[in-house]
Amino acid sequence: MLVAVLKGGRSLEREVSLRSGANAEAALRRLGHDVLAVDVDQHLVRALRGERPDAAFIALHGKGGEDGTVQELLEILEVPYTGPGVLACERAWDKVVAKAHFATAGVPTPAAVAFSQDAFREMGAGEAIPEIRERLGLPLVVKPAKQGSALGITVARDASQIPGALMSALAYDERVLLEAFVEGRELAVSVIGTAAPWALPVVEAIPRDRDFYDFEARYTPGMTDFVAPARLPDAVAEEAAALALRCFDVLGCRGLGRVDLLLDADDRLWVLEVNSIPGMTDTSLLPKAAEAAGLGFDEVVERILADAALGA
Amino acid sequence: MTSTAPRRGVITVPPTPPSRHRAHETALTPGDSALTPGDSARYDARFASRAAGIVSSVMRDLMSLSERPDIISLAGGFPNTEAFEREIYDEVMEVIAREHLASTLQYGPTEGMGELRERIVDVMAHEGARARVEDIMVTSGGQQAIDLAIRTFVNPGDTVLAEGPTYPGAVPCFTTYEAQVVHVPMDDDGLRIDLVEEALDQLAAEGRPPKLLYTIPSFQNPGGVTMSLERRERLVALAHERELLLVEDNPYGQIRFDGDPLPTLWELDDGAGWVVYLSTFSKILAPGLRTGWVAAPAAVLRKMNLGKQAADLCSSTGSQRFIVEYLRRHDWRDYVARLNGIYRLRRDAMLRALEEEMPPEARWTRPSGGLFVWATLPDYLDTTNLLASAVERHQVAFVPGRGAFLDGRGGDSMRLNYSGVPEAVISEGVRRLGVAVAEMTELHRALGGGE
């Protein structure tokens, strides 16, 4: 079949997406498909109309690709696509919305408050920082509500770092999340499938000499050690998988997703977020989970493609 | 929003799919690799340690967005190549085809074509720098000259002095050869020689004297400032007193719009052998020719020659021949004068726009030549983060200051280029930048800053 691999685009994660897309294309070709590589720009609709692909494999990251925008377009053009539908993407992309869904469903997620840039500009929200600090404690994680690859995230270890951290986060999105810091191990559970979603083995990312799993640690080979499957007590691994499937369900995902979690010192799991289009670069977590599952990357790509669909 | 009607077009995939198109698709395109992401681990343990030091950075990924057509990029360092006359190009290529075809397609000597080295001696003489043909080695751009200089002198862990900020393109050379860079500040008169002395004392006390000082005395990239005559004399005297090797990078010396030329460090050294001089045809002719040069004492040149043999045997004979035949027929100084006329207007446009658009706390340099302005914003602003919002919301790009330091500094600064963009676009770009900066300063105030 002819598969359009959508990659690149205009988001801040363009370079990461180009690497994910290249890996997806190579796998699809090895699987015998014809590949139409599309670096997404204003000619996207024309390209899809002209080539009439049988499916779109979305390898876009960040705004436009993970927030439901390109999905909406593919719905209109009736090109089945990989990964979650429009609404699920929107829910996962905005961390504030996703956390609200988690809280309602009883999924543990670190306590947080969120403010728009306007709250600081027009309502003096900055003066409420002492109350926020009081409620959430220190350190405090400050992150853009909508952004991937850990861009704009700062761990504020004392109160004086909070305003600077807010400025950083607000450079990446107009809304910012202040979240209680959970000291713990960085885990990720990739989920594939639609009718019967399947949690792949847990992968642990151990960044070397870093505060947290930041952009450089994510994409520099050798800067992070990956353990796949993560060395965890069976009960914890099972709970992580169950939690990931629960999040997948709560947000209404289908086809594909990656759930990022923290495991604290008391063996409690905390969900941070769900990524609707997980990275597929050489240093990304999904390919490592695929290996650990004994499937290999190509098999996972094939299964993701097989679940390409339209509608929610 | 689309209807959520369950129109589920699930696709079925044949289990073993050797498609009919496969047979004639055997020619490998870059995407056709047999390697899967899992295979990358096999290289991780094999990478050289100097390659491991080369990290993915937010800045680099953000910078790549500056190529988008809707973005005004003040991030480049591109000289103008549109002013070069087509007739001259045709004429030179015609002569090459007629008279030098076979030799132009052949390898050349590692040190460069003799005729070109003679011409380089003339170009240097125009700046008052006396050199002999045997002092010159042609390189593949000024960039290779920097690489060879660092490679020739620096062992892993060796200390090197450089301006702070230093040329962003030299940063990968320093990291590749694992130099420990100590940055020395500049002011409007260029490198602070008193602070060079201080650094020398301190490093001597720490038992790690620097192998060399890397400096761009004229129209420094990215600083936009020029070392005064007094400081040049003081620096060369210091080099002689303290046996400090100076690597003088002079790509912009002839790109001067105001004031009188200053002597190069090479000239002031007067053959004492404490200066290695680097320059290029990229700014006075064309960067696409990838031709630069080194002038150095014989012992240094011999080592650099070996380094160049390892790197690329010889620089492009095509480019070298082009330059020789061009210089034979035309006065390069006329072309440089035209370029300088264009750049002067662009610099003026940028300085005017900065005056209008930047907040009062911002400062910037006022270059009398070269290609760049260095702007410093209030220190609560982080220019790497600013680049994210500038690119996403305001469609303008610049080089964040961190790219010009190896010690994490530069977060409040940025490099702005005026040579590659017409005046009207410069004005609009700086206007957008002003809006992006104002947004952040306003936010800072709202967060209780400055109280």
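Mentor: Before we start, one definition: helices (H or I, at least four residues) and strands (E, at least two) are DSSP runs, numbered from the N terminus. This is a predicted model, where local features need pLDDT of at least 70 and side-chain atom pairs count only at pLDDT 80 or more, while totals for chains, interfaces and linings use all residues. Residues are numbered from 1 along each chain as its sequence is written, and chains are lettered from A and ligands numbered from 1 in the order in which they are written.

Trainee: Okay. Where is Ile58(A) placed?

Mentor: Ile58(A) sits in strand β3 of chain A, residues 55-58.

Trainee: Buried or exposed, that Ile58(A)?

Mentor: Buried, because Ile58(A) has 31 C-beta neighbours inside 10 Å. The rule: buried is 20 or more other C-beta atoms within 10 Å of a residue's own, exposed is 12 or fewer, and partly exposed is in between, with C-beta atoms placed from the backbone.

Trainee: Which residues does Ile58(A) touch?

Mentor: Leaving out residues up to four places away in sequence, Ile58(A) touches Leu6(A), Gly65(A), Val70(A), Tyr81(A), Thr82(A), Gly83(A) and Ile277(A). Contact means C-beta atoms, placed from the backbone, within 7 Å.

Trainee: New topic. What does strand β8 of chain A pair with?

Mentor: One partner is β12(A), residues 255-264, joined to β8(A) in the antiparallel sense over 10 bridges. Strands pair if DSSP finds at least two bridges between them. β10(A), residues 203-207, also runs antiparallel to β8(A), with 3 bridges. β9(A), residues 198-199, is joined to β8(A) by 2 bridges, again antiparallel.

Trainee: Which residues stand opposite Ala188(A)?

Mentor: Asp260(A) is its bridge partner in β12(A). In β10(A), Ala188(A) faces Val203(A).

Trainee: And how many residues lie between β8(A) and β9(A)?

Mentor: 4, and the two strands form a hairpin. Val191(A) has Ala199(A) as its bridge partner in β9(A).

Trainee: Is β8(A) mostly covered or mostly uncovered?

Mentor: Mostly covered. Of the 10 residues in β8(A), 7 are buried.

Trainee: What about the open sheet with β4 of chain A?

Mentor: That one has 4 strands in the order β4-β7-β5-β6 of chain A, with antiparallel pairing. β4(A) (112-116) and β6(A) (154-156) stand at the edges with a single partner strand each, so one side of each has no neighbour in the sheet. The twist averages 25° from one strand to the next. Axes here are lines fitted to C-alpha atoms, for helices over the stretch in contact, and angles run from 0 to 180 degrees between N-to-C directions.

Trainee: Which helix lies across it?

Mentor: α7(A), residues 129-136, lies across β4, β5 and β7 of chain A, at about 40° to β7(A).

Trainee: Over to chain B. How do α15(B) and α16(B) pack?

Mentor: Their axes are 10 Å apart, at an angle of about 120°. That makes α15(B) oblique to α16(B). Under 35 degrees is roughly parallel, over 145 roughly antiparallel, 65 to 115 roughly perpendicular, and the rest oblique.

Trainee: Which residues of α15(B) make the contact?

Mentor: Leu386(B), Ser389(B), Ala390(B) and His394(B). Across from them, α16(B) gives residues including Leu433(B) and Met440(B).

Trainee: Last one. How many residues of chain A are in contact with chain B?

Mentor: 62, against 50 residues of chain B. Elements giving two or more residues on the chain A side include α1(A) (14-30) and β2(A) (34-39).

Definitions and conventions. Two residues are in contact if their C-beta atoms, placed from the backbone, lie within 7 Å.
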